[in-house]
Amino acid sequence: MLATNLILGLFALYGVWHGISRRWGVRTIAPAEWALTSHTDYIVIDLRSPEAFETAHLDTAINVPEPTLSERLADIPRDRPILLVDYAGRQSRRVFHHLGRKGFDNHRVLAGGLLQWYRFRRLESRRSYRR
């Protein structure tokens, strides 16, 4: 009984935290939506290490590892939308808030990061193969 209550309490706490983090205004773009978007409109910033970036990245992405982001803020144009990308979306959420504090207002996070993007692409290729 105690274990069940503890587990239910943890789920409730996670739900509250997840709801609060959503309300804090992290704007995301789902992989399916990104697939339909004109990528030339966006500046895609990949926050992973250079080694991870070399392994795989989105076509139009530029590599700006999170530790060097503050030094390179002046190089990022503010007149175009920005898409933040990392492996699973956690780094991007942190950087989203950092950019907001620095005056950026047209930026989004790829929901679920590259992990979800590649899962979506794999699912789409399976769907197109079955047709």
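User: Over which residues does pLDDT stay under 50 in this protein?
Analyst: This is a predicted model, with a mean pLDDT of 84 for the protein and 77% of its residues at 70 or more. Among the elements, helix α1 (residues 2–23) has the lowest mean pLDDT, 55. For the stretch where pLDDT stays under 50, the model has 2 contacts beyond four places in sequence, and that stretch is residues 18–23.

User: In what order do the 5 strands stand in the open sheet?
Analyst: The pairing in the sheet is parallel. β1 and β5 pair over 2 bridges, β4 and β5 over 3 bridges, and β2 and β4 over 4 bridges. Strand β2 (residues 43–46) is also joined to β3, by 3 bridges. The order is therefore β1-β5-β4-β2-β3.

User: Why is one side of β1 and of β3 left without a neighbour in the sheet?
Analyst: The order of the open sheet is β1-β5-β4-β2-β3. β1 (28–29) and β3 (61–63) stand at its edges, so one side of each lacks a neighbour, and the reason is that each has a single partner strand.

User: Which residue in β5 is the bridge partner of Ile 29?
Analyst: β1 and β5 pair in the parallel sense over 2 bridges. The partner of Ile 29 in β5 is Leu 110.

User: Which residue in β3 stands opposite Ile 45?
Analyst: β2 and β3 run parallel and are joined by 3 bridges. Val 44 stands opposite Ala 61 in β3. For Ile 45, the residue opposite in β3 is Ile 62.

User: Through which helix does the chain cross from β2 to β3, and what is the handedness of the crossover?
Analyst: β2 pairs with β4 over 4 bridges, and Ile 43 stands opposite Ile 82 in that strand. On the way from β2 to β3 the chain passes through residues 50–55, which form helix α3, and the β-α-β crossover is right-handed.

User: At about what angle does helix α5 run to β5?
Analyst: β4, α5 and β5 make a right-handed β-α-β unit. Within it, Leu 84 stands opposite Val 109 in β5. Helix α5 (residues 90–101) lies across β1, β4 (82–85) and β5 (107–110), and its angle to β5 is about 175°.

User: Which element gives the most residues to the largest nonpolar core?
Analyst: The core has 15 residues, of which Ile 45, Leu 69, Ile 76, Ile 82, Leu 84 and Leu 99 touch the most other members. Two or more residues come from each of β2, β4 and α5. With 3 residues, the element that gives the most is α5.

User: With which residues is Ile 45 in contact, leaving aside its neighbours within four places in sequence?
Analyst: In soluble globular proteins, nonpolar side chains tend to be buried together. Its contacts are Ile 62, Val 64, Ile 76, Ile 82, Leu 83, Leu 84 and Val 85.

User: How far apart in space are Gly 25 and Arg 93, C-alpha to C-alpha?
Analyst: Gly 25 is found in the loop between α1 and β1 and is partly exposed, with a relative accessible area of 29%. Gly 25 and Arg 93 are 68 residues apart in sequence, while the C-alpha to C-alpha distance is 9.9 Å.

User: With which residues is Arg 78 in contact beyond its neighbours within four places in sequence?
Analyst: Arg 78 lies in the loop between α4 (69–72) and β4. Its relative accessibility is 47%, so Arg 78 counts as partly exposed. Arg 78 and His 107 are 9.2 Å apart, C-alpha to C-alpha. The contacts of Arg 78 are Lys 102, Gly 103 and Phe 104.

Notes:
Residues numbered from 1 in each chain as written. Predicted model: local features only at pLDDT ≥ 70, side-chain atom pairs only at ≥ 80, totals over all residues. Heavy atoms only, no water. Pairing = 2+ DSSP bridges. Contact = heavy atoms within 4.5 Å. Axes fitted to C-alpha atoms, helices over the stretch in contact; angles between N-to-C directions. Right-handed = clockwise from strand over helix to strand, strands pointing away. Core = buried A, V, L, I, M, F, W, Y, C linked by side-chain atoms within 4.5 Å. Buried < 20%, exposed > 50% of the residue type's maximum accessible area, 1.4 Å probe, protein only. pLDDT = per-residue confidence, 0-100.
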